[in-house]
Amino acid sequence: SSPLIVEGANLFITDSARRALYDDAGVVIVKDSSANKCGVITSSYEICSAMMLSEDDFYVHKPKIVDEVLSKLRHLARMEAELLFREFEKQPDALPAISQRISNAINLATDAICKKLDDTAAEEVETLLPLFKDHLPKTISDLAFDEVHNRVPHQYICNAIASCLASKLVYKEGCDFIEQLPKEKLASYAMKYIEKEREIAILKDAIDSTNMSEHERSAIIQILDSGGVRTALNLNLRLSNEKVEG
């Protein structure tokens with residue numbers, strides 16, 4: 001029998017069959033939610049292009065948009081695969097079970113952030129718009145993002161921001177990061193994460209303009225990229241707790 005099955009279609013194999021194939025035959029299975037995630041993302045791009053572009057604009061720029069979509073899909077598929085195998089290294093299990101953890105973590109964070117955005121001032125939501133803009137193919141953004149509020153429903157924008165932020169957290173920090181946070185604090189933590197990410201970006205720019213050697217500069221920036229945001233966030237929370245206790 002095949003040592004590897006990649007589910008190109010949704011619900012291709014039942015959960016019990018996946019478990020039996022892994023436990024009894026050692027078959028590695030890449031679950032539909034991981035293997036076919038780019039299909040879902042492509043559908044979201046189709047919806048966004050339909051809302052944001054005229055039919056003429058779309059057809060004029062279609063070749064460039066398609067190239068940009070494919071580039072984004074390759075990047076997103078790599079992030080999914082890298083997280084899948086990072087989680088496997090931390091806690092070995094059948095890959096479908098890990099795929100389900102990833103989906104659950106993203107959905108949990110997305111729902112919490114969506115709820116938070118419902119009660120967030122419009123000015124603060126506006127500061128999160130770059131998350132949605134960066135997610136889109138560049139040509140769509142360049143052509144129409146300045147009209148996003150006129151062309152895209154507010155709730156869709158909030159849902160897109162929540163999904164982008166949730167995905168950023170899970171792919172960067174892993175499933176444990178989401179699972180260990182109290183549900184009632186998850187959304188607030190996500191908002192603070194973005195604040196610290198902006199601060200780290202400013203710090204990286206400052207370091208990049210110093211006279212230190214290229215090797216030292218690259219090493220520091222790599223450290224900031226790998227854990228700077230989470231470290232800064234944890235330090236901020238610790239200082240806040242000490243202030244409260246004091």
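Mentor: Happy to! Let's start at S33, which touches E80, S99 and S103 once residues up to four places away in sequence are set aside. Keep in mind that we are looking at a predicted model. S33 is found in helix α2, residues 32-35. Its relative accessible area is 18%, so S33 counts as buried, the cut-off being under 20%.

From there, turn to helix α5, which spans residues 95-118. The axes of α5 and α10 come within 8 Å and cross at roughly 135°. That angle is why α5 is described as oblique to α10, and the crossing is right-handed. On the α5 side, the contact is made by I102, A105, I106, A109, T110, I113, C114, L117 and D118. Facing them from α10 are Q155, C158, N159, I161, A162, S163, L165, A166, S167, V170 and Y171.

Leaving aside neighbours within four places in sequence, L117 is in contact with V125, L128, C158, I161, A162 and M191. L117 also has a place in the largest nonpolar core, which holds 60 residues; M52, L117, F132 and I161 touch the most other members. Helix α10, residues 154-173, supplies the largest share of this core, with 11 residues. As a general point, nonpolar side chains tend to be buried together in soluble globular proteins.

Now follow α10 to another partner, helix α12, residues 186-208. Here the axes come within 11 Å and cross at roughly 75°, which means that α10 is roughly perpendicular to α12. L165, K168, L169, K172 and E173 make the contact from α10, and A190, M191, Y193, I194 and E197 make it from α12.

Finally, a word on the cysteines. Searching the whole structure gives zero disulfides. For C38, the nearest cysteine sulfur belongs to C164 and is 14 Å away, and C38 is in no disulfide. C164 is in no disulfide either; its nearest cysteine sulfur, that of C48, lies 8.9 Å away. A disulfide would need the two sulfur atoms within 2.5 Å, so that distance rules out this pair. With 15% relative accessibility, C164 counts as buried.

Terms used
Residues numbered from 1 in each chain as written. Predicted model: local features only at pLDDT ≥ 70, side-chain atom pairs only at ≥ 80, totals over all residues. Heavy atoms only, no water. Core = buried A, V, L, I, M, F, W, Y, C linked by side-chain atoms within 4.5 Å. Buried < 20%, exposed > 50% of the residue type's maximum accessible area, 1.4 Å probe, protein only. Helix = DSSP H or I, 4+ residues; strand = E, 2+ residues; numbered from the N terminus. Contact = heavy atoms within 4.5 Å. Axes fitted to C-alpha atoms, helices over the stretch in contact; angles between N-to-C directions. Parallel < 35°, antiparallel > 145°, perpendicular 65-115°, else oblique. Left-handed = near helix turned anticlockwise from the far one by under 90°.
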